[in-house]
Amino acid sequence: MNRIIKKVAVLGSGVMGSRIACHFAGIGLQTLLLDIAPTTLTDAEKARNLAPDHPSVKNRIVNDALAAALKSNPSPVYTKDTAKNIRTGNFTDNMKDIADADWIIEVVVERLDIKQQVFAEVEKYRKPGTLISSNTSGIPIHLMAEGRSEDFKRHFCGTHFFNPPRYLRLLEIIPTPATDPAVTDFLLHYGDLYLGKTTVLCKDTPAFIANRVGVYSIMEIFKLVDKLGLTVDDVDALTGPLIGRPKSAIFRTADIVGIDTMIKVARGIADNCPDDEQHSVFTIPAWLEKIAANNWLGDKTGQGFFKKTKGAGGEKEILTLNLQTLEYGPRQKPKGATLEAAKPIEDLATRLKMLMQGTDKAGEFFRQFHYGLFSYIAHRIPEISDELYRVDDAMMAGFGWEIGAFESWDVLGVESTAKKLQEAGYTLPAWVGEMLASGAKSFYKVENGKRLYYDIPSKSYKPLPGGDSFLVLKNFSGQTVWKNSACRCYHLGDGVLGLEWYTKMGTIGGEVVEGIQKSIALAEEKYKGLVIANEGANFSAGANVGMIFMLAIDQEYDELDMAIRLFQQTSMRVRHSAVPVVIAPHGLTLGGSCEFSLHADRVVPAAESYIGLVELGVGLIPGGGGTKEYTLRAADDMHEDEPETITLKNRFLTIATAKVSTSAFEAFETGVLRKGRDIVSLNQGRRIAEAKRSVIELFDEGYVMPAPRKDIKVLGRSALGALYAGVNAMWRGNYATDHDALVARKLAYVMCGGDLSEPTAVSEQYLLDLEREAFLSLCGERKTLERIQSVLKTGRPVRN
């Protein structure tokens, strides 16, 4: 059956329901969002003399929930016009409307009896063959389907989204014994390809996979807090980015999720998993019981493990809870030999090995924590999953772990770590010993650019699912064509090269520029084209402003001029190469990396890409071809039926306000991406493979190198005066500082083509020269240097 999803019905408009509806609407589906009708009138409704059956009253709950979701930060939608795809209603009047839905998702309160009541109503209107699923986070899936028809059961399963649905990539798929395998396969594929999710097949066990392992790891750490005498600040310093976990670490995460929610899940596991060998770990510590009794539940109640207050001077201050006295005090910065030694180590694998060797309290914490975790995940196979990679996928996509638990075990050495943890009193299931005895010494390995996992039933290695749809650049290290200390260029197969760089925050310096130039040259020699991507937390935060700062401070303007020329030449090399160059960014794609993207033959960004020219934030204009390219695009997009200055003004404002798109979809609106050329990959893991396919497609179509443009219409004085007037108005209204106004005038001068007496056709090189001259002149401004220095200190652009 060729199943096509055109319309989705979401039943329940709470925090999860409204945001799930937004996510479906965001990919272009017509979405029906329903909730209960209120039973009482509000004072405002009474004042308006509205009857209980008035549509605005009956839909108040769902409309208010959707409005709150759309206003929330971070936004649940890719673009502002997403809401037009959502229609609201109530269970009383609109349950009949689910009849034309292709997928019905239940997201009501976590009570089995209420869910069963909703499903009884659903069955009255649902057409046979329609998918039906529940977003429950822990109620047994098979219990919800009891009493339903055979067709309902065949098309029913659990679909557990994580909050917020747009940003957390995990979607757990939990079939029942009655679920048609074709339905399960469809949801696994659809969630991956169309919703951008890491779809993980789970067994119908308490808390499924991610919450089972995630809550265990949190509760285990709570036990170690008491055992080793650790503080809240200690633990969050040890369990965040230091070990490849989110900045929120353990206690801050608990505050965000809700301490009551965490306790509820832990108790649910304890109650429903009596045979769990670590059952005692899920016992709630006395101090945690007291915190819950005090209603200190985290962000939802204003205080939990942390509390925001105002100091004597009115400044914001974050206090930390002392778990012994239950009193709040100033945050303390943890120190220790192991912690200090690990901080300078950028490579996670190297850092983990060093942390496990620590001889202080931190080292002991890392050993006990990892030994407990490794023992626990090994015992969960095959209880919660038959395949070990699914556990890692769930933890990375649902809890934001940089690498999964089994992969961490690989890093530390499976055999040696297994021996040490058993010596420390932890246990392992028989399959681990059998694996090691067979000669298999790791859970994962790479062969011919493909990643394999150890399959326990067959006692052999098998390729990870997805095949060529998921390319991981580091898996091609055996096919390295060229490298320097910042970059590697690989042969990705099929005549396509792939370039990645691994600088801090993906910053672009001389070696990255060299890598791009060299990789294009190599591709032109004997390959079809080049993909530029990387797998850091972000694609790139832009050019290395530290280098710019040092050259400007030392007044090395000739060297600075050469550096800017080289950056511009590299952007133009991306544009004017003999083979297609496709860039596949993700996350932050700012400044220089945005400029490179503007010049690529095609951009294949992840949906969660935040792209923009942000140079104005440090008192500069885009100097690597970005200003030129926006001017060129403004000229190409001018329409006869509107003033020529309108398009130019819009492009000018995008740069002048350092506008960054909140998604790849919004980047089409800001002019960075082009419709009909660039392709958004909803699943970040698919973007590199899609970029490779694009290179091959462009090559096979008979790619021809674009000729340098000499026909760019610039407006000269006719537009320059208008832009200057706008800048002056912002300055007079105190919306811009003196320096802001100076930079904006420089930008306007370049984008208008200079002080030309009439509209003129100019070349790309003409605009690049103007751009470079303006950039260099601003590098000599004291205020620019102050702003760059602030960025170097704080990592954040400032506007003052």
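Biologist: Glu764, buried or exposed?
Modeller: Glu764 is buried, at a relative accessible area of 1%. Buried means under 20% relative accessible area, exposed over 50%, partly exposed in between (1.4 Å probe, protein chains only). This is a predicted model, where local features need pLDDT of at least 70, side-chain atom pairs count only at pLDDT 80 or more, and totals for chains, interfaces and linings use all residues. Residues are numbered from 1 along each chain as its sequence is written, and side-chain values use heavy atoms, with hydrogens and water left out.

Biologist: Which side chain meets Glu764 in a salt bridge?
Modeller: Arg575, at 4.0 Å, N to O. A salt bridge is a side-chain nitrogen of Lys or Arg within 4 Å of a carboxyl oxygen of Asp or Glu. Arg575 is also buried, at 12% relative accessibility.

Biologist: How many salt bridges does the structure hold?
Modeller: It holds 55. Another one pairs Arg787 with Asp740 at 3.1 Å, N to O, and both residues are buried.

Biologist: What about Glu277, which side chain does it meet in a salt bridge?
Modeller: Arg380, at 2.9 Å, N to O. Glu277 is partly exposed at 34% relative accessible area, while Arg380 is buried at 3%.

Biologist: Which residues share that network of salt bridges with Glu277 and Arg380?
Modeller: Arg212, Asp276 and Glu383 are joined with Glu277 and Arg380 into one network, through salt bridges that share partners.

Biologist: New topic. Glu556, how accessible?
Modeller: Glu556 has 35% relative accessibility, so it counts as partly exposed.
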